[in-house]
Amino acid sequence: MKAEASQIEPHSYSISELAREFDITTRAIRFYEDKGLLNPERRGQTRVYSPEERVRLKLILRGKRLGFSLDESREIIDMYDPAHGNVEQLHRLLERIAQKRLQLQQQLRDIESLMEELDEAESRARESLAQSDDSSAS
């Protein structure tokens, strides 16, 4: 039986530990690696994730929930600069949030407009059906 990475080093994680913690598949984690978003240390065939890699994964998943593309998430995550208070990173995040909000507001308007069109089409179809029923009953 393979030893989990955290049993080898107290501050590291195996791919299966991260998958369980974040309720995602190991395949998803490997996908993020393939895209260059994660870069675990390799020990033979075993991937060993540092606490920093764990945080990157957490931020990738948060970006996904917020509707950011992987490229947008990468851009923001790669700007991490604690030496300068992460000011640029935070400004970029706020820009992306504002853009996403505008996009969602437009989508909401589009959905509301489509719902009105569906209501009108349904109403016309019901009226036509009622007229058909009235004329066939005569």
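Reader: Which residues of the largest nonpolar core touch the most other members?

Author: In this predicted model, the largest nonpolar core holds 13 residues. Those that touch the most other members are Leu-18, Ile-29, Tyr-32, Leu-38, Leu-57 and Ile-60.

Reader: Which helix gives the most residues to this core?

Author: At least two residues of the core come from each of α2 (15-22), α3 (26-34) and α4 (51-65). With 4 residues, the element that gives the most is α2.

Reader: Which residues does Leu-38 touch, leaving aside those up to four places away in sequence?

Author: Leu-38 belongs to the core members with the most contacts to other members. Not counting residues up to four places away in sequence, the residues that Leu-38 touches are Ile-29, Tyr-32, Glu-33, Glu-53, Arg-56, Leu-57 and Ile-60.

Reader: Is Ile-60 buried or exposed?

Author: Ile-60 lies in helix α4. Beyond residues up to four places away in sequence, Ile-60 touches Tyr-32, Leu-37, Leu-38, Leu-70, Ser-73 and Ile-77. Buried means under 20% relative accessible area. The relative accessible area of Ile-60 is 1%, so this residue is buried.

Reader: How far apart in space are Ile-60 and Ser-16?

Author: In sequence, Ile-60 and Ser-16 are 44 residues apart. From C-alpha to C-alpha, their separation in space is 17 Å.

Reader: What is the geometry of the pair formed by the rings of Phe-31 and Tyr-32?

Author: The count of aromatic pairs comes to 1. The ring centres of Phe-31 and Tyr-32 are 5.8 Å apart, and their planes stand at 65 degrees. Planes over 60 degrees apart count as edge-to-face. The pair is therefore edge-to-face.

Reader: In what order do the elements of the protein chain run from the N terminus on?

Author: The secondary structure comprises 6 helices and 2 strands. From the N terminus on, the order of these elements is α-α-α-β-β-α-α-α.

Reader: Why is the protein chain described as more spread out than a compact globule?

Author: For 138 residues the globule rule gives 14 Å. The protein chain is more spread out than a compact globule because this value is well exceeded by its radius of gyration, 25 Å.

Conventions: Residues are numbered from 1 along each chain as its sequence is written. This is a predicted model: local features need pLDDT of at least 70, side-chain atom pairs count only at pLDDT 80 or more; totals for chains, interfaces and linings use all residues. Side-chain values use heavy atoms; hydrogens and water are left out. A nonpolar core is a set of buried Ala, Val, Leu, Ile, Met, Phe, Trp, Tyr and Cys residues joined through side-chain atoms within 4.5 Å. Buried means under 20% relative accessible area, exposed over 50%, partly exposed in between (1.4 Å probe, protein chains only). Contact means heavy atoms within 4.5 Å. Rings of Phe, Tyr and Trp (its six-membered ring) pair if their centres lie within 6.5 Å; planes under 30 degrees apart count as stacked, over 60 as edge-to-face and the rest as tilted. The radius of gyration is taken over C-alpha atoms; the globule rule is 2.2 Å times the number of residues to the power 0.38.
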